[in-house]
Amino acid sequence: MRPPSLQRVDSPGGSPRIVLSGSWTIRGLQNPRRLLDLEKEIHLLHARDPKCPWDLSGATLDHFGALLLRRGWLASPPIHLQLTPPQASLFARWARIPPCSPQKTKDGLETWLRPARWISQALFDSLALIGLIALLFLTFLRQLGASLAKPHRIPFLEISQNLYQMGLKALGIIAIVGSLIGIVISYLAALQLQGFALRGFLVFIIGISIVRELGPTLAAVLVAGRSGSAITAELGVMRIRGEIDAYRAMGIDPLYRLVFPRIVALLILLPLLVGWSDFFGIVTGLGAAALTLHTSFLSLVRQMPRLVPSFNLWFGIIKGGFFGLLIGLVACRLGWDVPPDAASLGRETTRSVVLSITLVIALDALAAVLFRRTGF
Amino acid sequence: MDPIVSFEDVEVDYDGRPVLKDISFAVQPGEIVGLAGPSGSGKTTLLRHLLGLKRPVRGRIRLFGDPLVSLSPAAQRRLRRRIGVLFQGGALLSSLNVFENVALPLLEMGLPDAWVHPMVALALSLAGLPPENAPRMPSELSGGMVTRVALARGLVAEPELLLLDEPTAGLDPIVADAFIALMCDLQKSLGITALMISHDLRALERLCHRIVLVGDGHLIAQGRLQDLALQADPRIRSFFRLDGEPGP
C-alpha cells in the first residue's frame with residue numbers, strides 16, 4: 001500500500017494542477033497526526049488557488065479518503081475535478097448523508113434542568129423500588145397463604161434446591177467467619193479486662209455481642225453477598241433469555257416457581273445460619289478467652305446461660321429470619337426487573353448486594369433501638 | 001488477481017471431533033460466495049478458522065494472500081481489521097447504543113471523534129437505517145434493524161472482505177427480502193467481496209456469484225447455482241429442493 005501524497009504539478013505550457021497518488025483509504029490514513037496534516041495541506045493548497053484543477057484519477061480512494069478531501073476543501077470543492085466513475089460515486093454518496101448524533105437532541109432548557117431531573121429521578125426511583133419491594137412482599141404473603149391452604153402445591157423441589165445451594169454450601173464460610181469474629185472479640189476484650197478479674201464480664205461481652213448482633217449481621221451480610229447476588233443474576237439472565245415469558249406462556253406463574261421458593265429458602269435458612277454462626281463464634285470466643293485467662297473452657301461455657309439471657313439468642317435468630325426475608329425480596333425484585341442488556345445485569349447485581357446489606361444494617365439498628373431495654 | 005480468501009486442503013475439527021476434510025475453495029475480489037450446507041456441517045467452524053480464532057488440523061488458509069497459521073497474533077489482528085463481520089443474530093453489544101456499536105471498529109483504529117461521526121452516519125445510511133436510530137439501544141430494535149446495525153458495524157471500517165453468518169436467520173420473509181435487496185445494492189455500488197453462510201435459498205440465489213456446498217464431512221460441490229442444479233448428486237438436489245424434496 002503506497003502512502004497517500006499530493007503535489008502541485010506544473011505542466012509545460014499548461015496551467016498547474018494538483019495530483020493525488022497513493023492509497024487515500026481508511027487504512028492508509030488511520031494515523032491521526034498524518035490525517036490532520038493532510039487535511040491542513042489540502043485546505044492550504046485549495047485556498048491558495050481555488051481555480052486550480054485537482055486530479056484524483058491516479059489515487060486509490062474510498063469513502064474515508066473522500067471525506068478527508070471534502071473536509072479539506074471545506075464547503076467548496078474544486079471547479080475542475082478529475083475523477084474515475086467509482087470515485088465520483090463516493091463523493092455523490094457523501095453529499096446525500098444526513099448527520100447523526102449518538103445522543104438524543106436536547107434543547108437548552110433541558111440542559112439547565114438536567115441536575116434537577118437527576119435528583120427527582122433518583123428520588124422517584126427509590127420510592128418506586130420501595131413500592132415494588134412492598135408489592136412483592138404482599139404477593140409473597142398471598143402465595144404463602146395459598147400454599148398453606150393447599151400444601152400439595154408447594155414447590156418443595158425448588159425450595160430444597162435453594163436450601164442446598166444457599167445453605168449447605170455456605171456452611172463452611174459462615175463457620176470460618178463466625179470463628180474468626182469470636183477469636184477477635186475475645187482477644188480484644190480480654191486485653192482490656194486483664195487484671196480486673198472480670199471473667200464474667202468477658203463471657204457476657206462475647207455472648208451478647210455474638211448472639212445478639214454479630215452472628216445475625218455477619219450471616220446476613222455473607223448470604224447477601226453470596227446468595228443475594230446469585231439470585232439477582234439468575235433471575236436477570238432468565239428475564240433476558242425470555243425464560244420468564246416462557247413460564248407465563250405455559251400458564252405457569254413465574255413468581256411462584258422462581259421467586260417464592262427463593263424467599264422461602266432464605267426465610268428458613270437465615271435463622272439456621274445465624275445459629276450456626278453463633279455456635280462457632282461462641283466456641284472459639286470462649287476457647288480463646290480460656291487460653292488468655294488461663295482458665296477452664298467448660299467453666300466459661302457454664303457461666304454463659306446465667307450471664308446472657310436466652311432472649312438474646314432468640315432475638316438474634318428471629319432477626320435472622322427478617323434479614324433473610326429482606327435479602328430475598330431485594331434480590332428477587334432487582335433480578336426480576338433487570339433491563340435486557342449485559343451492563344444492567346452487572347449493575348443490578350451489585351446494587352442488590354449493596355442495598356441488601358444497607359437495609360440489613362438499617363433494620364438491625366432499628367431493632368437495637370426498639371429492644372434496647374430487653375434481654376439484659 | 002490473487003484471491004482474497006483461499007482454503008487449500010483444509011481439515012478442521014470441533015472439540016477434537018473431525019468436522020470437515022479436504023476443503024479447497026477461494027473467494028475472488030468483488031465476488032460474493034455462499035457457504036451452504038446442512039445444520040452442524042461445520043460452516044460456522046470454517047468461519048472461525050478464517051477469522052484465525054482456531055487453527056486447522058491440516059491444510060492452509062490464506063487471507064489477503066497471507067497464510068494465517070504462520071502469522072503472529074498482532075499480524076492476525078491487523079488482518080482482521082480489514083474484515084467486516086456480521087455475526088449470527090447481530091451480536092450487538094447490549095450496553096452500547098446503535099451509534100456506539102457502529103463506531104466501535106473506528107474508535108479501535110484510533111480515529112478522532114470528528115471523523116468517526118460522519119463515517120457512522122455513512123454506514124447507517126448504507127445499511128438503510130435513518131440517523132434517528134443512532135441513540136437507540138439494541139433492546140429497542142426489531143430483529144431486522146439489529147441485522148442492519150450489525151451490517152453497518154461490519155461496513156463502517158470499509159472492509160476489504162465481509163463475512164456474513166446467517167444474516168437472514170430469524171427474519172421474516174419480507175424483512176429478509178429487504179435485507180437481500182440492500183446487499184444486492186451494496187454489491188453493485190461498492191463492489192464488496194463477501195463470504196456468506198446461509199441456509200436461505202433465496203439469499204444464496206439472489207446474492208451469491210458462486211456457492212460452496214459442504215456436508216458429510218466434505219466439500220460436496222462448488223459453482224454457480226445454475227450449474228449445481230444440473231448435477232445428479234442427490235445431496236445437492238435435496239439441499240436445493242430440486243426434486244421437490246424437503247431442503248435444509
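Mentor: Let us begin with helix 2 of chain A and helix 3 of chain A, which in this predicted model are roughly perpendicular to each other, since their axes cross at roughly 70°, a value inside the range from 65 to 115 degrees. The axes of these two helices, residues 63-73 and residues 85-96 of chain A, come within 9 Å.

Trainee: And which residues make the contact between helix 2 of chain A and helix 3 of chain A?

Mentor: Helix 2 of chain A contributes H63(A), A66(A), L67(A) and R70(A), while helix 3 of chain A contributes L90(A), F91(A) and W94(A). By class, that contact has 5 nonpolar, 1 polar and 1 charged residues.

Trainee: OK, switching to the two chains. How many residues of chain B are in contact with chain A?

Mentor: There are 25 residues of chain B in contact with 23 residues of chain A. On the chain B side, helix 3 (98-108) and helix 4 (113-126) each supply at least two residues, and helix 4 of chain B gives the most, with 7 residues. The chain B side divides into 15 nonpolar, 7 polar and 3 charged residues.

Trainee: Back to helix 3 of chain B, then: which of its residues are buried, and what do they pack against?

Mentor: The buried residues in helix 3 of chain B are V98(B), F99(B), N101(B), V102(B), A103(B), P105(B) and L106(B), and they pack against helix 4 and helix 5 (143-155) of chain B. Following helix 3 of chain B comes G110(B), whose phi is positive, near 85°.

Trainee: Now the sheet in chain B. In what order do the strands run?

Mentor: The 6 strands of this open sheet in chain B come in the order 6-7-8-3-9-10, with mixed pairing. Strand 6 (83-86) and strand 10 (218-223) of chain B stand at the edges, each with a single partner strand, so one side of each is left without a neighbour in the sheet. On average, and with direction ignored, neighbouring strands are turned by 15° against each other.

Trainee: Is the pairing of strand 3 with strand 8 of chain B parallel or antiparallel?

Mentor: Strand 3 (residues 32-36) and strand 8 (residues 194-197) of chain B pair in the parallel sense over 4 bridges, and the bridge partner of I32(B) in strand 8 of chain B is A194(B).

Trainee: Last one: where does helix 5 of chain B lie?

Mentor: Helix 5 of chain B lies across strand 6 and strand 7 (161-165) of chain B, and runs at about 170° to strand 6 of chain B.

Terms used
Residues numbered from 1 in each chain as written. Chains lettered and ligands numbered in written order. Predicted model: local features only at pLDDT ≥ 70, side-chain atom pairs only at ≥ 80, totals over all residues. Axes fitted to C-alpha atoms, helices over the stretch in contact; angles between N-to-C directions. Parallel < 35°, antiparallel > 145°, perpendicular 65-115°, else oblique. Contact = placed C-beta atoms within 7 Å. Nonpolar A, V, L, I, M, F, W, Y, C, P; charged D, E, K, R; others polar. Buried ≥ 20, exposed ≤ 12 C-beta atoms within 10 Å, placed from the backbone. Pairing = 2+ DSSP bridges.
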